[in-house]
Amino acid sequence: MSEFKYLEDYKIWEKLAEKEVGKFPERKEAFKNSSKISIDRLYPVKLNNNYENIGFPGIYPYTRGIRTSMYRGKFWTMRQYAGFSTAEETNKRFRYLLEQGQTGLSVAFDLPTQLGYDSDDEMAFGEVGKVGVAIDSLEDMEMLFSNIPLDQVSTSMTINAPAAILLAMYVALAEKRGIDPKTLSGTIQNDILKEYIARGTYIFPPEKSLKLTTDIFEYCSEKMPKWNTISISGYHIREAGSNAVQEVAFTFANGIEYIDSAIKKGMKIDEIAPRLSFFFNSHNNFFEEIAKFRAARRIWAKIMKNKYSSENPKSCMLRFHTQTGGSTLTAQQPDNNVVRVTLQALAAVLGGTQSLHTNAKDEALALPTEESAQIALRTQQILAYETGITDTVDPLGGSYFIEQLTDQIEEKVFEYLMKIEEYGGAVQAISDGFIQREIRKEAYEYQKKIESGENVIVGLNKFEALNDHNPQVQKLDVQLLEKQKEKLKRLKQNRDVNLVNHKLNFLKNAANSDENLIPLIIDCVKAYCTVGEICNVLRDVFGEYRGEVL
């Protein structure tokens, strides 16, 4: 890399940074620490043999960040994941978190909703409202977002197999309020492939699920340009036992599969890629996590440029949400989890995340209490406002250790991607069990090290406390869950049954065609068809997937 190129890139960065500062004014006239030492916006990595791979923030290959001034003008979105019991109860938690300074909503749905069953279905017995909010119909969605301005908040929905239905409900709700869906911002997870790998909340066979995924891509590209059509998730892959390299590699393999499916449908790379977002985990090995995030940005940029010949810079920008590692939390000495979560969140910020969820200390025991949820949010706010880590871009860029670790993670990720390409892509690698076997092996090795004491987990296999107390945990009101079933019963009695049947039949007739199903699903939810009814129609046409998950 010549000195001329280095200086040229520096000038490009300066111009882009000034433009960004015009959009997001920096918080202070001059950033200074307690010793009155000025903190520069960026400390460029000096010209050396590896400069080409490091570069400048906001410029390909984006190792140092996708924005030129990062957090000096705009913090990451503080998006706490919440959802439990009924829509009414979750709405109260949402409004509480917004009052506490949360800047984006993230919805957790219960297992019946995730698997396409209504609350009154026998398959939902014992699970209604347990790990998330129960959503049966548009009526529940109306309650969930009561007194919340959809055009002023960004909403993320962790839903996959029925993603098209929940997105349709969000659109229908907006239109009912007179809000143009083009103004809505947020993300639908819509990442079905990782369900076959790691999580298990799938309904339909992979090929049919991919159709629904790409239908969402196509619909949103025209009707919802500010909406992120998928959050390709490494989080659950990591929670299933993968290591950091596998998390990135398997996530990107899935991303490539989604892009290829959309291209086969006639979409162009620069229509698809700018609206893709990613979802990563942050675990306890501090420097490994920071290097992982930096390497992931660079790898994705290279894939977009070299594999797909993308011409839009936004296609090469890896935008990702991070959640701290749920599987790293311990039921023993739960207060220790505050420290774990803080370090994991710090790694995510130093790694350049666009949004962040910090787990509550009691999540190894139950759903978070209001108090523990507040502590989790305060953790992010302290990092943002009190630590100085947001005063300069990519503070660890140029560190010998970080840069070498970033390079090594990149190399290992590309080795995995080549193996998966030899299989014929992610779907085939999943069908053959390759990805699942790799995760199982890694999870087994890690668990053996915990049990042998080689990997120390404070409070679990070392420094145990004999008087470990049982903290107060969140408990669900069973009567509220019964009311959910009663409400659903009333809805089914009072709606226009003929209209419901008409809309469901229309969807069924179109389901085996190449027609985009999203407008038809929107029509169904507007008629107050339920999640279970719509999924049952698609089950009849698509079939159900019964393959091995893990």
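The chat below covers salt bridges and then a pocket.

Me: What kind of model is this, and how are residues numbered?
Reply: It is a predicted model, where local features need pLDDT of at least 70, side-chain atom pairs count only at pLDDT 80 or more, and totals for chains, interfaces and linings use all residues. Residues are numbered from 1 along each chain as its sequence is written, and side-chain values use heavy atoms, with hydrogens and water left out.

Me: How many salt bridges are there?
Reply: The count is 35, where a salt bridge is a side-chain nitrogen of Lys or Arg within 4 Å of a carboxyl oxygen of Asp or Glu.

Me: Which residue does Glu 18 pair with?
Reply: Glu 18 forms a salt bridge with Arg 41, and their closest N and O atoms are 3.0 Å apart. Glu 18 is in helix α1 (residues 3-23) and Arg 41 is in the loop between α1 and α2 (51-54), so the pair ties together parts 23 residues apart in sequence. Helices here are DSSP runs of H or I with at least four residues, numbered from the N terminus.

Me: Is Arg 41 buried or exposed?
Reply: Arg 41 is buried, at 17% relative accessibility. Buried means under 20% relative accessible area, exposed over 50%, and partly exposed in between, with a 1.4 Å probe and protein chains only. Glu 18 is partly exposed at 48%.

Me: What about Lys 508?
Reply: Its side chain meets that of Asp 540 in a salt bridge, at 4.0 Å from N to O. Lys 508 lies in helix α19 (residues 497-510) and Asp 540 in helix α21 (residues 531-542), so this pair ties together parts 32 residues apart in sequence. Lys 508 is partly exposed at 38%, while Asp 540 is exposed at 57%.

Me: New topic. How much space lies in the second largest pocket?
Reply: About 840 Å³. A pocket is an open set of points on a 1 Å grid where a 1.4 Å probe fits, with protein on both sides within 12 Å along at least five of seven lines. The volume is the space filled by probe spheres set on the points.

Me: Which residues are closest to its centre?
Reply: Of the 30 lining residues, Arg 238, His 283, Thr 328, Tyr 446 and Asn 455 are the closest. A lining residue has an atom within 4 Å of a point.

Me: Which element gives the most to that lining?
Reply: α17 does, with seven residues.

Terms used:
Helix = DSSP H or I, 4+ residues; strand = E, 2+ residues; numbered from the N terminus.
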